[in-house]
Amino acid sequence: MEKSSVIKICRLDDKQLLSVAAIANCGCQKRKKKTECNTADVLLTKRVNFYIETTQLIAVCKSVINIILNNDEQQLQSMVSASNSFPSLVEQCRALHSSHSRRGLEEFFDDPKNWGEQQVKSGAPWTAKQLRTKSNEDLHKLWYVLLKEKNMLLTLEQESKRQAVPMPSPERLKKVERSMKRLDSVVNERTEALRLLQTGVQNERPGEWRKNCLGQAIW
Amino acid sequence: MAQKVLYPIYQLGNPQLRIFRTNFFMSLVRPGKEQPPDTVQFRIPLEMTKCDVRNYLEKIYNVPVGPVRTRIQYGTNKKRNHLNQRVKRPDYKVAYVQLAKQQTFLFPNIFPTKDVAHEPGSMDEIQDKFLEDERQRQKPDPRRGGITDWFGF
């Protein structure tokens, strides 16, 4: 019973949590309610701390990005001096770096550690359910990541045929192809939903159902 | 641009056609004939053009590209399968891309032979030892100084 009450409290909104905590402060005698109020208090404080930390982090990240873009040394020094009040966050932000990778044609080949291996480990393909949680920018970037991976695997396949050597882990190609197909389907779902909501039109391009010479119905 | 996509017909005044998320896949291949050091050879889809290749490499791979030349390689229809039917090997387009800014590219050896040291007592080690013994037996007697067995003595 106690576990279910704790779970219920965790799912509460911030305002509801506040009300529960207020009830706690009134001083209820029953044991069950006391535990509930204790958990509500703990949760509230945790959430408040989390909000404070995230806002601080966001502010620090914004200032860091400004400094990098504007190349301002004075601003950096002022920020460093101001950061002495909460050193942990800034030390975390110093690990950030926004450099572009300039690898060029090396991206057509795998990591040199994997050259000559019989098997290369790879993870599971992306599922449509996972992809639906991602934003459009993320999906766009993921498409190009998968594209580069597929190019690398195709070069590996061709070179292995040339050298008469078995290709290490050919299932990677299938995984990438399936991920790309699912990504495409998710993006098409979104565009179709948007088009239906905005215009109410079923088909992307205007036309009509016609039968071609083979007897197939084509838009 | 993309493969197997129906492009809308262009009429004067239409906006620039843009296709996000290309369908084109390029594979780097080792050149069959000796090429100059700044030339890279790719196998590309038949629908791709020289401009497409240049934009693809510059935008996605950040590679400075000079002149690009393409040709279509016909895949033979001569081979026959077990039912004596002719089997067509697919056609493909080959692109010879010259790198700008005096860069050179050498196709690396992707399958180097690695000396794998097996743990002592494992099945692989026993197999390797057995193969070594067999090879030793096939070699001629080293005390003969390289002379063949044909000569008596």
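So, the sheet in chain B: four strands make an open sheet, ordered E1-E2-E4-E3, with antiparallel pairing. Two strands count as paired here if DSSP finds at least two bridges between them. Strand E1 (27-29) and strand E3 (65-73) of chain B sit at the edges with a single partner strand each, so one side of each has no neighbour in the sheet. On average, neighbouring strands are turned by 30° against each other, direction ignored.

Quick caveats before I go on. This is a predicted model, where local features need pLDDT of at least 70 and side-chain atom pairs count only at pLDDT 80 or more, while totals for chains, interfaces and linings use all residues. Residues are numbered from 1 along each chain as its sequence is written, chains are lettered from A in the order in which they are written, and side-chain values use heavy atoms, leaving out hydrogens and water.

Back to the sheet. E1(B) runs antiparallel to strand E2 (residues 39-44) of chain B, and three bridges join them. Within that pairing, Leu28(B) stands opposite Phe42(B) in E2(B). Then there's helix H1 (residues 50-60) of chain B, which packs on the sheet and touches E2, E3 and strand E4 (92-99) of chain B; its direction makes about 130° with that of E3(B). Those angles run from 0 to 180 degrees between N-to-C directions, using axes fitted to C-alpha atoms, for helices over the stretch in contact. Helices (H or I, at least four residues) and strands (E, at least two) are DSSP runs, numbered from the N terminus.

Okay, the interface. How many residues of chain A are in contact with chain B? It's 32, and they meet 32 residues of chain B, with contact meaning heavy atoms within 4.5 Å. The two chains bury about 2900 Å² between them, 67% of it on carbon and sulfur atoms. In chain A, Leu105(A), Phe109(A) and Trp115(A) lose the most area to chain B, together 22% of what that side buries. Buried area, by the way, is the accessible area (1.4 Å probe) that two parts lose on being put together, summed over both.

Between chain A and chain B there are three salt bridges, meaning a side-chain nitrogen of Lys or Arg within 4 Å of a carboxyl oxygen of Asp or Glu. One I'd point out is Glu117(A) with Lys114(B), where the closest N and O atoms are 3.1 Å apart.

Which elements give two or more residues to chain A's side? Helix H7 (136-163) and helix H8 (171-198) of chain A, and H7(A) gives the most, with 15 residues.

Last stop, the loop between H5 and H6 of chain A, where you'll find Gly116(A). Setting aside neighbours within four places in sequence, Gly116(A) is in contact with Ile110(B), Phe111(B), Pro112(B) and Lys114(B).
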